[in-house]
Amino acid sequence: MIKNIIFDLSEVIISGFHKIEEIIEKNTNIKAEEFLAKRREVEDIFLEAMKGKYTEDEYIEILIENTNWNINKEIIKKSIRQNLDVKVEGTMKIVEKLNKKYNLILLSDHIKEWVEYILNTNKDLEVFKHKYFSYEYGMLKEDERTFKYILEKEKILASETIFIDDNKDNVKMANKEGIQGIVFENAKQLEKQLKEMNIIL
């Protein structure tokens, strides 16, 4: 019987860093594909930043160094927050239906400053009594230790837990630990799959 449901945050509940290049292009003279290429070039720094090894400022400084962009890092920070203001339609309505019936947990790979902004501007996320962010414990969901860590911290069983994430590789990692998973596409698809798994909405 399912008792626990773990939700990812970015691209499941709120837009994260995904497609930020489109907002950058609107706000600056930097082409989306150019920004995306640079993002990919320093992807390893981004991953380390989500593990708490770099601050947002440090990451952005590395992102814009050795470019010909005449840009202030504050513009990039503002653009990121514009994206963080975009909610994924319908997901929180499902979360609210699940509340009080299940133990709801939030698990997210994220940079500290972005999480602080999200939590300050989305009080409805308080429905998640327990929240785990990668920068706090220094691991990403691609790390096989992460789900073991969450299960131990929560004192819950994998067989009684579902994990929801838009990244299929993260879901596969949860599966390895014995946790059932749903690869998120949209709220309608999520609701359908939860019902198929006999989850009460």
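**Close-up views of a predicted model**

**View 1. Lys-100 sits in the loop that links helix α6 (91-98) to strand β2 (103-108).** Remember as you look around that this is a predicted model. The backbone of Lys-100 has a positive phi of about 80 degrees, although Lys-100 is not a glycine. Why does that deserve a close-up? Because most residues other than glycine have a negative phi. Is Lys-100 buried or exposed? With 80% relative accessibility, Lys-100 counts as exposed, because the cut-off for that word is over 50%.

**View 2. Lys-155 is found in the loop between helix α9 (145-154) and strand β4 (161-165).** Here you meet another residue other than glycine with a positive phi, this time near 55 degrees. Lys-155 has 73% relative accessibility, so Lys-155 counts as exposed.

**View 3. Helix α4 (residues 56-64) has a set of buried residues.** Look for Glu-56, Tyr-59, Ile-60, Ile-62, Leu-63 and Ile-64, which are the buried ones. Which helices do they pack against? Their partners are α2, α3 (43-50), α5 (73-84) and α7 (112-121).

**View 4. Ser-79 is a buried residue of helix α5.** How accessible is Ser-79? Its relative accessibility is 0%, so Ser-79 counts as buried, a word used for values under 20%. Leaving aside residues up to four places away in sequence, Ser-79 touches Ile-20, Ile-23, Ile-24 and Asn-27.

**View 5. Four glutamates form a patch of negative charge on the surface.** Which residues gather here? They are Glu-22, Glu-25, Glu-33 and Glu-34. The elements that give two or more residues to this patch are helices α1 (20-27) and α2 (32-41). Let us pick out one member, Glu-34, which is found in helix α2. Glu-34 has 34% relative accessibility, so Glu-34 counts as partly exposed: the value lies between the 20% limit for buried and the 50% limit for exposed.

Methods. Residues are numbered from 1 along each chain as its sequence is written. This is a predicted model: local features need pLDDT of at least 70, side-chain atom pairs count only at pLDDT 80 or more; totals for chains, interfaces and linings use all residues. Side-chain values use heavy atoms; hydrogens and water are left out. Patches are made of residues with over 30% relative accessible area and no salt bridge: like charges are joined within 9 Å, nonpolar side chains (Val, Leu, Ile, Met, Phe, Trp, Tyr) within 5 Å. Accessible areas come from the Shrake-Rupley method with a 1.4 Å probe; for residues, only the protein chains shown count as cover. A salt bridge is a side-chain nitrogen of Lys or Arg within 4 Å of a carboxyl oxygen of Asp or Glu. Lys and Arg count as positive and Asp and Glu as negative; His and the chain ends are not counted. The place of a charge is taken as NZ of Lys, CZ of Arg, CG of Asp or CD of Glu. Helices (H or I, at least four residues) and strands (E, at least two) are DSSP runs, numbered from the N terminus. Buried means under 20% relative accessible area, exposed over 50%, partly exposed in between (1.4 Å probe, protein chains only). Contact means heavy atoms within 4.5 Å.
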